[in-house]
Amino acid sequence: MQSERVVFGKEIELAGRKLSLQVGKVATQANGSVLARYGDTMTLVTAVASAQPREGIDFFPLTVDYEERLYAVGKIPGGFIKREGRPSEKAILSARLIDRPIRPLFPKSYRNDVHVVATVLSVDQNSPPDVLAMVGASAALHLSDIPFAGPIGAVAVGRVDGKLIINPTLEQSEKSDMHLVVAGTRDAVMMVEAGAKEVPEDVMLEAIMLGHEEIKRIVDFIEELREEALEKGLALPKQEVVEEEEALEVERIAREFCTERIAELLRECRQEKLSKLAREAKIKLAKEQLLEEFLASNPEMPEQYQEFDKLFMGAVNKIEKELLRKMILEEGVRIDGRKLDEIRPVSCEVGILPRTHGSALFTRGETQVLTVGTLGAVGEEQILDGLEVEEAKRYMHHYNFPPYSVGEARPIRGPGRREIGHGALAERALEPMLPPEEEFPYTIRLVSEVLESNGSTSMASVCGSTLALMDAGVPIKAPVAGVAMGLIKEEDRVAILTDIQGYEDALGDMDFKVAGTQKGITALQMDIKIPGINREILEKALAQAREGRLFILEKMLATIDRPRPELSPYAPRIIRTVVDPEKIRDIIGPGGKVIKKIIDETGVKIDIEDDGTVYIAAVDREAGEKAMRIIENLTQDVQLGKVYLGKVTRTTEFGAFVEVIPGVLGLPGKEGMVHISQLAEGRVGRVEDVVRAGEQILVKAIGFDQQGRLRLSHKEALRNQGEEEERKKRPRRGRGRR
C-alpha cells in the first residue's frame, strides 16, 4: 500500500508578488521536481539524469526543453491539428535562457544524460514564465541527486522614467526602455540577456548589479528549501563524481612528453599568423604525430590503459588550452598575433545583389556575413501563436549557418536552436532603431547568410543588417554595430579580449556580445563557462566593447553613412489612406468579390485594418494610384451642397437619373434623380428637351427623399455656376497707398 504523499513548500516576496516553490506534490518519479508559482504564473520544472553515463562522448549531454501549453492563457492552438507541435521561437529562446546559466555548474567530467523540462501551466502576463522557469530549474536540480554546483537565481530588470524595476509588470514593460534578464549564483553573475533602447553602459551595469542583489535572496531561498526538504525526505544527497585515476595518470604522462612541444607549436602559429583552417590543420597534424611518437617509444601503453589514444588526445587538448591561456595572460598577445583589444580587418559592401531591396556584405577577419533585406506589405507580418500578449510582428531577422561556412560537408536541415538564438539576438539589436509603422508602413525581413565563420557571426549579422537596411532606404533612427568580447581568467589574473575568434571562444571563459549605437546599448548577451564574474570584470568588458563597437561603426559609415533617399525600384510602394470603418464592407464586397476584383485589375496587395486604415502595396506606382482611385470611388459619399459633373444614365417622364460618382470594375456607382422641376428655370415640358441619356450635366446634391434616395438639381447647379462667374467678373477693391 502506497504511503500518503508528503508535500512541502516555501515562499518569499519578490518585487511585490509571492514566489513559491512546492515539492512532493507532482512528478515525484523525476530526480527532482518543483511546482513554481509567481503571481498567477505557474510552471512545473523537472530534472532527470540517466542511471549510467553515455559512452564514447567527450561532452556533457544536457538537454533543456521549455514546453508552452496554450491552455495556460486560455487559447486553443491554431491550424488543422489543434494541438501544440514544434516549439515556437519563444519557447526555444526560453530553453536556451535556462540552459546557459546552469550548464557551467555541472562537473566537467560528468557524462550522464540530464534532461530539464519546464512546462508552463498558467500565465499571468505580469509575471514572466521564462524567468520563473529558470528559478524552478535551479530548484529542481538542487533538490535532486544530480551533481550541480548551484543553485542559481534569475530576475528580469526594466527601467521606467529612469528608475530600475525588478520583474516589471506588463504595463511597466511597455514603458520600459530596456528588458534585461540576469542569472547567477550567490557569488557571481552567470548569464545576461538584454534588449534596450540605446541605454548607456553605466546604466546597464547598475541594472545587472541590482538584479544580482535580488538573485542572492533567491539563492538563499532555494538553499533553505533544500535543507528543509532533506529533513522531510523530499531531497536527495548529491552523487559524487570522481575523476578516473586512469585518466589522471595518462594526463601526467602526456604533460611530461608534450608540454614543451605544444608550447612551441602555439608560438609558431602565432608567428606565422596562419588562417583558421591552416592553423587547425597544423595543430591536428602535430597532435597526431605526438601520439605516434609516444606510442612508438612506449608500445605497452595501450595494453596498460584502456582507450589510451582517446585519453592521451584529451590530455593534449587540455594542455593546449592551458598554454594558450597562459600565453594571453602573460604576454598579452593572441594566437593570431593581435593585441587584446585589437579588431581584425573590417570591410563593408552594399548593394551587391541587383534585384533585392537591400543587401550588404560584412567581413571581419575570417567571419563573413551576407545580409539581405526585403520589404513587404503590412499584411505579410508574422502571426504569433504563443503565450505572449503580442499576436504579430512586422520585423523578422532570420540567420542561416550552412556547413560550408566552417569547411564542413554535412546535410543542411531546418534552423536549430543556435540559428534561432543568433537571429533573435540580431533582431533584438536592431528593432529599437526601426521607424514606427505609422511612418514606414512596411513588413521588414532580414536574412543573414553566414558565408565564413571564425567567431561572432551574430555580431557580424548585426553589422551587415544595419548596412542592408540603409541600402534598402529604410529610415533607421541610428546605425547599430556589434562586437563579441572574450575572457581569460586564472585566479586574480584577467584578460579581456575584443573581437574573439572561434579558437578563443572554445578555449576562453566568456562569450560577451554587445550591440548598440554610438549613443548606447541595444542588445547584450553574456555566457560564462566559469562560476561567474564580478562587477569589475563586467565594467571593463562593457567599456572595451564600446571602443570596439565605435571602431566598427566608423568602418561601416565610411561605406554608407545614411539610408538611401529612395527605396529600391523593386520594393513595393505603400499608399496609405483612411476610410470610415463602416465603408470597409464596400471595399471587401460580398464574399470578398470586390477586393479580389481590385487586386486582379491592378496587381496590388491590399491590407485593411479594423480602424479603417487601408494599405495598398504596389511595385508599379501607377497601379497603386489606380487602386487608390477605385477605393476612393467605392467609399466616397455624396456631399450635400456640392456640385458634380454627372452622367445621365436614363430618363423618365418625371426626371433624369444622373450618376455623380462613377462605378468601377463593373460595379454600380452612386446616382440620384433630377426631378423635371429641377432641370431648368421655368417650366419644362419634356425631360428630353433639356437632357438625354449619355450626356454629362452639372448637378447639385440638394437632399434625400423619404426612401433615402439622392435628390439632385441641374437648375441650382447652373445658378451656382452663374454666381461664381459673376463673382470672378467683379473688380477687386484694394486699399490705396497713403
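**Questions and answers on a predicted model**

Visitor: Which residues does aspartate 65 touch, not counting residues up to four places away in sequence?
Guide: Contact here means heavy atoms within 4.5 Å. With residues up to four places away in sequence left out, aspartate 65 touches Ala95, His115, Val116, Val117, Ala118 and Arg417.

Visitor: Quick check on the ground rules: what kind of model is this?
Guide: Residues are numbered from 1 along each chain as its sequence is written, and side-chain values use heavy atoms, with hydrogens and water left out. Local features need pLDDT of at least 70, side-chain atom pairs count only at pLDDT 80 or more, and totals for chains, interfaces and linings use all residues, all of this for a model that is predicted.

Visitor: Which side chain makes a polar contact with the side chain of aspartate 65?
Guide: Aspartate 65 sits in strand β5, residues 62–67; helices (H or I, at least four residues) and strands (E, at least two) are DSSP runs, numbered from the N terminus. A polar contact is a pair of N or O atoms within 3.5 Å; within protein, one must be able to donate a hydrogen and the other to accept it, and residues adjacent in sequence count only if both atoms are side-chain atoms. At 2.8 Å, the side-chain partner of aspartate 65 is arginine 417.

Visitor: Why is strand β21 described as largely enclosed?
Guide: Buried means under 20% relative accessible area, exposed over 50%, and partly exposed in between (1.4 Å probe, protein chains only). Strand β21 covers residues 521–528, and it is largely enclosed by the rest of the structure because the buried count is 8 of the 8 residues.

Visitor: How many bridges join strand β20 to β21?
Guide: Two strands pair if DSSP finds at least two bridges between them. β20 and β21 form a hairpin with 4 residues between them, and phenylalanine 512 stands opposite methionine 526 in β21. Strand β20 (residues 510–516) runs antiparallel to β21, and the number of bridges is 7.

Visitor: And which residue in β21 is the bridge partner of glutamate 193?
Guide: Strand β10 (residues 189–199) pairs with β21 too, in the antiparallel sense over 6 bridges. Within β21, glutamate 193 has as its bridge partner glutamine 525.

Visitor: Which residues does the UniProt annotation "binding site" cover?
Guide: UniProt positions are in the numbering used here, feature names are shortened, and annotations may be inferred rather than shown by experiment. The annotation comes from an unreviewed entry, and the residues it covers are Asp505 and Asp511.

Visitor: Is aspartate 511 buried or exposed?
Guide: Aspartate 511 is found in strand β20, and among the residues it touches are Asp505, Gln525 and Met526. Its side chain also makes a polar contact with the side chain of lysine 513 at 3.4 Å. Aspartate 505, in helix α11 (residues 502–507), is partly exposed at 26%. Aspartate 511, at 12% relative accessibility, counts as buried.

Visitor: How far does helix α4 reach from its first C-alpha to its last?
Guide: Helix α4 has 31 residues, 201–231, and just after α4 glycine 233 takes a positive phi of about 75°. The expected span of a helix is 1.5 Å times one less than its number of residues. For α4 that expected span is 45 Å, and its reach is close to this, at 45 Å.
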